[in-house]
Amino acid sequence: MSPRSASVNEELRRRSRERLLQAAVELVSERGYEATTLGDIADRAGSARGLVSYYFPGKRRLVQSAVHRLMHRTLEEALEREPRTEDGRERMARAIDAILGLARDQPVLMRQHMAGILEADGFVQCPEQQRLSQLLRDTVARHGTEDVDADYPMLRALLMGSVFAALVPGVPMPLPVLRAELFKRYRLDWELGVPPDAGKASDGTCDTDLSRFFATGAAPECGPDGQAGQADQIDQAGQTDPADQSDQSK
């Protein structure tokens, strides 16, 4: 069997990382952070256990990256859903509803995420968080700010504070009340975005199947001679990652 190409190896690494992110989201949602081990995540992802540390320096970093991915893709889906719009006020409303929707639909995961941010390691600015940041900065810009560098951190703080307030055990604030305050600040009409009485079906956050946010597959490709293309080579390679060999040899 001929050696895999660099592009196939890179795709294997991407898929391995995606599976780990998805497994982390699923398991923390089901069991909570403390009851989820790196071994559990590796087993759910179908990866070698040593592969987790190849991509992530620890469980906290992995879980934060996974939640940031979920937030980024949830926000992206909300902003781009039909009917698509360039209206800055509508996009701000969708962004607020998307993040508040995660507090509603993924309370265990989001509570663990907020708790992790308050620990010593603090806020992790990983690639997933940077993608989320870019979307929120763009939302602030389209809303009409004159100073994105000042107004983006404020929006981020307000959204994080609202999620925290909605998830405080024993004294949670109702999401419609938090939404009303945010809409008032940004001068948004209640009918924009996805109002609470419009139901959960259209805001992109209510599905329990989150696999669409973790792109672990690709359509099969064939070369001009009919031979298996890159995607088929990857499928034939199975779960093996180039990093597995070095992990298993340690």
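**Asking about helices and loops**

Visitor: Where is the place of Phe213?

Guide: Phe213 sits in the loop between helix 9 (175–185) and helix 10 (230–237); helices here are DSSP runs of H or I with at least four residues, strands are E runs of at least two, and both are numbered from the N terminus. This is a predicted model, in which local features need pLDDT of at least 70 and side-chain atom pairs pLDDT 80 or more, while totals for chains, interfaces and linings use all residues. Residues are numbered from 1 along each chain as its sequence is written, and side-chain values use heavy atoms, with hydrogens and water left out.

Visitor: Why is Phe213 called buried?

Guide: Phe213 has a relative accessible area of 2%. Buried means under 20%, exposed over 50% and partly exposed in between, with a 1.4 Å probe and protein chains only, so Phe213 counts as buried.

Visitor: How far is Phe213 from Arg69 in sequence and in space?

Guide: Phe213 and Arg69 are 144 residues apart in sequence, and their C-alpha atoms are 7.6 Å apart in space.

Visitor: What makes Val168 partly exposed?

Guide: Val168 has 22% relative accessibility, and therefore counts as partly exposed. Val168 belongs to the loop between helix 8 (148–167) and helix 9.

Visitor: At what angle do helix 4 and helix 6 pack, and why is helix 4 called oblique to helix 6?

Guide: Helix 4 (residues 59–80) and helix 6 (residues 107–117) pack at about 125°, with axes 10 Å apart. The axes are lines fitted to C-alpha atoms over the stretch in contact, and angles run from 0 to 180 degrees between N-to-C directions. Under 35 degrees is roughly parallel, over 145 roughly antiparallel, 65 to 115 roughly perpendicular and the rest oblique, so helix 4 is oblique to helix 6.

Visitor: Which residues of helix 4 and helix 6 meet?

Guide: Arg60, Gln64, Val67, His68, Leu70 and Met71 in helix 4 meet Leu109, Met110, Gln112, His113, Gly116 and Ile117 in helix 6, where contact means heavy atoms within 4.5 Å.

Visitor: How many helices and strands does the protein chain have?

Guide: The chain has eleven helices and zero strands. Of its 250 residues, 46% count as buried. Among contacts with a separation of 6 or more, 69% join residues 24 or more positions apart.
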